[in-house]
Amino acid sequence: HIPFLHIHGTADQIVDISHAHLYKKQRANATADSEFIELLDADHDFTRLEDQYHVLKITTDWFKSTLK
């Protein structure tokens, strides 16, 4: 029963986005909350500074709301 946040870039050249979609589908029946977010044009390492800021904001907000 562990909440899960999955952030995946659509331009990831290491792990294809289709794998993330499959994982999201598998998590649909999980008993814990699961959130999947796709970042448009983000690569595997979130190389662009704007992606890094976005990921930090998403992650911080998620922890704040999940760990109430």
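L56 sits in helix α2, where helices (H or I, at least four residues) and strands (E, at least two) are DSSP runs numbered from the N terminus. At 54% relative accessibility, L56 counts as exposed; the cut-offs are under 20% relative accessible area for buried, over 50% for exposed, and partly exposed in between, with a 1.4 Å probe and protein chains only. L56 also belongs to a nonpolar surface patch with L49 and Y53, and together they have about 350 Å² of accessible area. Such areas come from the Shrake-Rupley method with a 1.4 Å probe, and for residues only the protein chains shown count as cover. Patches take residues with over 30% relative accessible area and no salt bridge, joining like charges within 9 Å and nonpolar side chains (Val, Leu, Ile, Met, Phe, Trp, Tyr) within 5 Å.

A word on the model itself. It is a predicted one, so local features need pLDDT of at least 70 and side-chain atom pairs count only at pLDDT 80 or more, while totals for chains, interfaces and linings use all residues. Residues are numbered from 1 along each chain as its sequence is written, and side-chain values use heavy atoms, with hydrogens and water left out.

Stepping back to the whole chain, there are two helices and two strands, and from the N terminus on they run β-α-β-α. The C-alpha trace spans about 30 × 25 × 15 Å along its principal axes. Of the 68 residues, 28% count as buried. The accessible surface comes to about 5,200 Å², and 55% of that belongs to carbon and sulfur atoms. As for contacts (heavy atoms within 4.5 Å), take those between residues at least 6 apart in sequence: 61% of them join residues at least 24 apart.

Now for the inside. The largest nonpolar core is made up of nine residues, namely L5, I7, I37, L39, A42, F46, V55, I58 and W62. A core here is a set of buried Ala, Val, Leu, Ile, Met, Phe, Trp, Tyr and Cys residues joined through side-chain atoms within 4.5 Å. Two or more of its residues come from each of β1 (4-9), β2 (34-39) and α2 (49-66), and α2 gives the most, with three residues.

Charged pairs come next. The structure holds three salt bridges, each being a side-chain nitrogen of Lys or Arg within 4 Å of a carboxyl oxygen of Asp or Glu. R48, E50 and D51 are linked in a network of them. In the bridge between D51 and R48, the closest N and O atoms are 2.8 Å apart, whereas E50 and R48 have their closest N and O atoms 3.9 Å apart.
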